Amino acid sequence: MSEPPLRRPSPAAPADPPPGPSPAVPAGPVPAGPVPAGPAPRPAPVMPADCDVDLAVPAQREELSRAPWGTLGAISAGGAAGALARHGLTLAFPHPPDGLPWATFAINVSGCLLIGLLMVFVTETPGVHRLVRPFLGVGVLGGFTTFSAYVTDIERLVAEGVPWVALGYLFGTVAAAMAATWTGIAVARLALRLRSGRRVADAR
């Protein structure tokens, strides 16, 4: 007669945790009321006017009343004057298709020099009219300089089979424009220091 199979003892149940507060829950009174949230996100800045206004929508037409028409008019007038001056210089000093565009090079470098001068006088001289910077900086000098034509000239030089001229024009314009801007800033600040020193000497 066969013996009954042996029964393995069942594993003991885990013991209950000892009484007391859980280590994950801090002891102490729970503050009443809602939990304060983090800092509220900053609202998006309200632009003075949408760049794409549908005049058929009344809500969008109202945006035109917030447009800075004085600043926009100064930029438009200055941009037209600068672009006409650039166009006149380009016609006065033409260049062959495979030649270096000296007119565009001189326009961009001289424009960067004037931008350096202007920005120092506008930002570091008290009492400058608020429309001087948009008229002369964004308008006149923005329309006078032409880095879009600069890129087009590089593409044309490569197409004409003179890639080394295009490469020199590419890096030479950037280096000369940066040097001209730095020179304009340095000269303008020197002029302001000399004028300030002269005023101090006159006051004595």
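Among contacts in the protein chain (heavy atoms within 4.5 Å) between residues at least 6 apart in sequence, 68% join residues at least 24 apart. The structure is a predicted model, in which local features need pLDDT of at least 70 and side-chain atom pairs count only at pLDDT 80 or more, while totals for chains, interfaces and linings use all residues. Residues are numbered from 1 along each chain as its sequence is written, and side-chain values use heavy atoms, with hydrogens and water left out.

The protein chain has 6 helices and 0 strands, and its pattern along the sequence is α-α-α-α-α-α. Helices (H or I, at least four residues) and strands (E, at least two) are DSSP runs, numbered from the N terminus. Of the 204 residues, 20% count as buried; buried means under 20% relative accessible area, exposed over 50%, and partly exposed in between, with a 1.4 Å probe and protein chains only. The chain exposes about 15,300 Å², of which carbon and sulfur atoms supply 68%. Accessible areas come from the Shrake-Rupley method with a 1.4 Å probe, and for residues only the protein chains shown count as cover.

Two packed helices are described by the angle between their axes and the distance between the axes. Axes are lines fitted to C-alpha atoms, for helices over the stretch in contact, and angles run from 0 to 180 degrees between N-to-C directions. The axes of α3 and α4 come within 10 Å and cross at roughly 170 degrees. This angle makes α3 roughly antiparallel to α4; angles under 35 degrees count as roughly parallel, over 145 as roughly antiparallel, 65 to 115 as roughly perpendicular and the rest as oblique. On the α3 side the contact is made by I107, S110, G111, L114, I115, L118, M119, V122 and T123, and on the α4 side by V132, R133, L136, G137, L141 and F144. By class, the contact of α3 with α4 has 10 nonpolar, 4 polar and 1 charged residues. Ala, Val, Leu, Ile, Met, Phe, Trp, Tyr, Cys and Pro count as nonpolar, Asp, Glu, Lys and Arg as charged, and the others, Gly among them, as polar.

Helix α4 spans residues 132-144, and its buried residues are P134, G137, G139, L141, G143 and F144. These buried residues pack against α2 (69-92) and α3 (102-124). F144 has a relative accessible area of 11% and is therefore buried. Leaving aside neighbours within four places in sequence, F144 is in contact with G82, A83, A85, R86, L89, I107, S110 and G111. F144 and R86 are 58 residues apart in sequence, yet 5.2 Å apart in space, C-alpha to C-alpha.

R130 is found in the loop between α3 and α4 and, at 61% relative accessibility, counts as exposed.

The axes of α5 (residues 147-159) and α6 (residues 163-203) come within 7 Å and cross at roughly 160 degrees. This angle makes α5 roughly antiparallel to α6. In this pair, F147, Y150, D153, I154, L157 and V158 of α5 meet P163, V165, A166, Y169, L170, T173, V174 and A177 of α6. The residues of the contact divide into 12 nonpolar, 1 polar and 1 charged.

N108 lies in helix α3 and counts as buried at 0% relative accessibility. Not counting residues up to four places away in sequence, N108 touches T145, T146, F147, Y150 and T173. Of these, F147 and Y150 in α5 and T173 in α6 also belong to the contact of α5 with α6.
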